[in-house]
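Here are my notes on this one, as numbered points. Have the model open while you read.

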Amino acid sequence: MSSRQLRPPSWTQELCCPICVDFFIDPVSLECGHNFCRSCITWRGGNSCPECRQEFPKGKLKINMNLARLTERAWKWTLNPGEEECKHHCQEHQEKLKLFCETDKKLICLICRDSREHKSHNFIPIKEAVEIYKDQLKSSIKSLSEKKSLFLKSELKQIGKISEVREQSSSLQTHIASEFAQMHQILTEKEQRLVRELRRDKERILDTMQKNLQKIQENLCSIEGELSKLQQQMEQQDRVKFLKEELHQKRRSSENYEKLPLADEMLSLGKFSGPLQYTAWKEMLDIITPVPASLTLDPNTANHWLRVSGDGTSVRLGDQPQLLLNTPQRFSCGPCVLASQGFTSGVHYWEVEVATKTWWEVGVAEESAERKEKVVPTPEVGYCKVCLLPGSGYVALTSPTVTSLTPATNPRKIGVYLDYEGGQVSFYNADNMSHLHTFRHSTSERLFPFFSTGPNDDGKNSASMTICGVRGH
């Protein structure tokens, strides 16, 4: 395919390649009779004719010698006088260029070959040089094609990941809205219930007080009338008349008036002005899910160095190993223990107090996970764990390398969230609920909460691990 900039004159249009629209170079004919530059039809790819779409066998390109000769003559006719000579001859010796100097990487004539400038250089025919460079181009084309294929695959993967993140974001946004909508509903119902109770109590108390006030006012009116009569009687000047009226007057004694106690019942401050937020939170614990579960440790899985408390909520490293049966479920390879409760569905959350411990491991373990031999405890072998390790700090035991964790503050409690169907195990600093790490791990096995106290660490790691339950049932 030529790199000429000028379009050939109209009388030579039949000698132009339909693809590059320039004079044929190394023309070939297809079985359908249409002609193209060899490089054009090869570069285009495919096995159908660009003109008539008729398919042709790959590699079956017939050289059109007559067309090549006509094209060569057309080139000479359209070139300026002397251009062809200048193009293919040595500028220094005006001899035809016949050799390629491998040392200097340039075209030379026979005189150049024998000159002092090219003495002891390596020469090859131009045809061979073209083949060599074409082979190099083929290699470059192959390499770039392979890279292009890799980048196309990467592009598709990246587009897929972008789509996945967008879908995940939309799903999580819906989940967040749903979770908080439920809490809003619970709080709204609690608020409305308290307001209704406050209104009922207010109306009941005020009704009692109003009735009592009415009776007080009626008695007060009666007393004032009686006082008025008595005042008039006291002002009577006629002694005889005064005595006659006094003897015939049927007067009520002040002791006969009803004695009404003051209605002093008030609204309950304890009911309506107590720790309302805490009260609402306590009620929500029995409604929302998940809340910290009250797990207990299974002593039958505990390593013989461990001491499990009587209520099964805490564990510590003992000073001496215990004589215990080496059952299949007991850990032999480290100071580990499982909870008695295992999960095959649902969402669950629990918290573990690690306090001042210098070494600990918390997570979940599949029921069939290795308990006797030492293994690298990663999800591939059934363990999803985060740890505090001396010298390494806080890490998640991921594969092929561990993942360093950098909590803003050192956690005293670790929260573990398990979504069995969702294949999610997440860890949190339970002091402020900041996220530490999430494993994506799906399994069909029962998953058990896992705990490891870590070794003694020269006496610095003697503190217990304690399960922090909230519900009392």
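1. Start with the lining of the second largest pocket: 19 residues are nonpolar, 7 polar and 3 charged. (Ala, Val, Leu, Ile, Met, Phe, Trp, Tyr, Cys and Pro count as nonpolar, Asp, Glu, Lys and Arg as charged, and the others, Gly among them, as polar.) The pocket holds about 1200 Å³ of space, and of its 29 lining residues, His175, Glu179, Pro290, Tyr417 and Tyr428 are the closest to the centre. Two or more residues each come from α5 (126–234), α8 (276–285), β10 (347–353), β15 (413–419) and β16 (424–429), and α5 gives the most, with 10 residues.

2. Some housekeeping. This is a predicted model, so local features need pLDDT of at least 70 and side-chain atom pairs count only at pLDDT 80 or more, while totals for chains, interfaces and linings use all residues. Numbering runs from 1 along each chain as its sequence is written, and side-chain values use heavy atoms, with hydrogens and water left out. Pockets come from a 1 Å grid over the protein atoms alone: a pocket is an open set of points where a 1.4 Å probe fits, with protein on both sides within 12 Å along at least five of seven lines, and lining residues have an atom within 4 Å of a point. Grid points are joined across faces, edges and corners, and the volume is the space filled by probe spheres set on the points. Helices (H or I, at least four residues) and strands (E, at least two) are DSSP runs, numbered from the N terminus.

3. Have a look at Lys385, in strand β12 (residues 383–389). Is this lysine buried or exposed? Lys385 is buried, at a relative accessible area of 3% (buried is under 20%, exposed over 50%, partly exposed in between; 1.4 Å probe, protein chains only). Its side chain makes a polar contact with that of Glu361 at 2.5 Å (a pair of N or O atoms within 3.5 Å, one able to donate a hydrogen and the other to accept it; residues adjacent in sequence count only if both atoms are side-chain atoms). Beyond four places in sequence, the contacts of Lys385 (heavy atoms within 4.5 Å) include Phe427, Phe439 and Phe450.

4. Val28, in strand β1 (residues 27–29), is buried with a relative accessible area of 0%. Its C-alpha is 5.2 Å from that of Lys62, although 34 residues separate them in sequence.

5. On the cysteines: the whole structure has 0 disulfides (pairs of cysteine sulfur atoms within 2.5 Å). Cys90 is in no disulfide either, with the nearest cysteine sulfur, in Cys112, 3.7 Å away. Cys49 is buried at 0% relative accessible area, and Cys90 is buried at 8%.

6. Helix α6 (residues 239–248) has 10 residues and 0 of them are buried, so it lies largely in the open. At its start, a side-chain oxygen of Asp238 comes within 3.1 Å of the backbone nitrogen of Val240.

7. Backbone spots to check. Ser399 and Pro400 are joined by a cis peptide bond, with omega about 10°, and Pro400 sits in the loop between β13 (393–396) and β14 (403–404). Lys105 is not a glycine, yet its phi is positive, near 55°; Lys105 is exposed at 55% relative accessibility. Met433, also not a glycine, has a positive phi of about 60° and is partly exposed at 43%.
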